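Here is a short briefing on one protein model. Look at the fold first, then work through the points below.

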Amino acid sequence: MSQQDVYDLLKKYKDKWFNARDIAKLLDASFNTVVGNLKRLRKAGIVLFKRAYQVVEPAGRRIVYLYRFKK
């Protein structure tokens with residue numbers, strides 16, 4: 001699984017926001033691998049990101065990053 005796979009998935013769903021867990025499930029990949037790839041894409045300015053509150057099992061309500069394809 002590479003940064004290109006994550007980028008292609010976000011490009012496919014241009015108008016939707018995803019968290020790292022959603023992307024990992026869709027790509028059937030490891031959560032840690034997806035987080036690393038998203039971090040690199042974020043640093044390069046290739047994807048849009050924002051912080052939001054979401055309910056994360058079993059931790060409860062947490063701040064998570066949401067990602068979207070940059071137009």
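What is the volume of the largest pocket? It comes to about 300 Å³. Keep in mind that this is a predicted model.

**The largest pocket**
- The lining of the largest pocket is made up of 18 residues.
- Asn19, Ala20, Arg21, Phe31 and Val64 are the lining residues that lie nearest the centre of the pocket.
- Four elements each supply at least two residues of this lining: α2, α3, β1 (47-56) and β2 (60-69).
- Which of them gives the most to the lining? The answer is α3, with 5 residues.
- By class, the lining of the largest pocket holds 10 nonpolar, 2 polar and 6 charged residues.

**Helix α1 against α3**
- Helix α1 covers residues 3-12.
- The axes of α1 and α3 come within 9 Å and cross at roughly 75°.
- An angle of 65 to 115 degrees counts as roughly perpendicular, so α1 is roughly perpendicular to α3.
- On the α1 side, the contact is made by Gln3, Val6, Tyr7 and Leu10.
- On the α3 side, these residues meet Asn37, Leu38, Arg40 and Leu41.
- The contact of α1 with α3 has 5 nonpolar, 2 polar and 1 charged residues.

**Helix α1 against α2**
- The axes of α1 and α2 come within 11 Å, and they cross at roughly 100°.
- The contact of α1 with α2 has 6 nonpolar residues, no polar ones and 1 charged residue.

**A loop residue: Asp28**
- Where is Asp28 found? Asp28 sits in the loop between α2 (20-27) and α3 (31-44).
- Phi of Asp28 is near 55°. That is a positive value in a residue other than glycine.
- Is Asp28 buried or exposed? Exposed means over 50% relative accessible area, and Asp28 has 72% relative accessibility, so Asp28 counts as exposed.

Terms used
Residues numbered from 1 in each chain as written. Predicted model: local features only at pLDDT ≥ 70, side-chain atom pairs only at ≥ 80, totals over all residues. Heavy atoms only, no water. Buried < 20%, exposed > 50% of the residue type's maximum accessible area, 1.4 Å probe, protein only. 1 Å grid on protein atoms, 1.4 Å probe; cavity = no way out; pocket = protein on both sides within 12 Å on 5 of 7 lines; lining within 4 Å. Points joined across faces, edges and corners; volume = space filled by probe spheres on them. Nonpolar A, V, L, I, M, F, W, Y, C, P; charged D, E, K, R; others polar. Axes fitted to C-alpha atoms, helices over the stretch in contact; angles between N-to-C directions. Parallel < 35°, antiparallel > 145°, perpendicular 65-115°, else oblique. Contact = heavy atoms within 4.5 Å.
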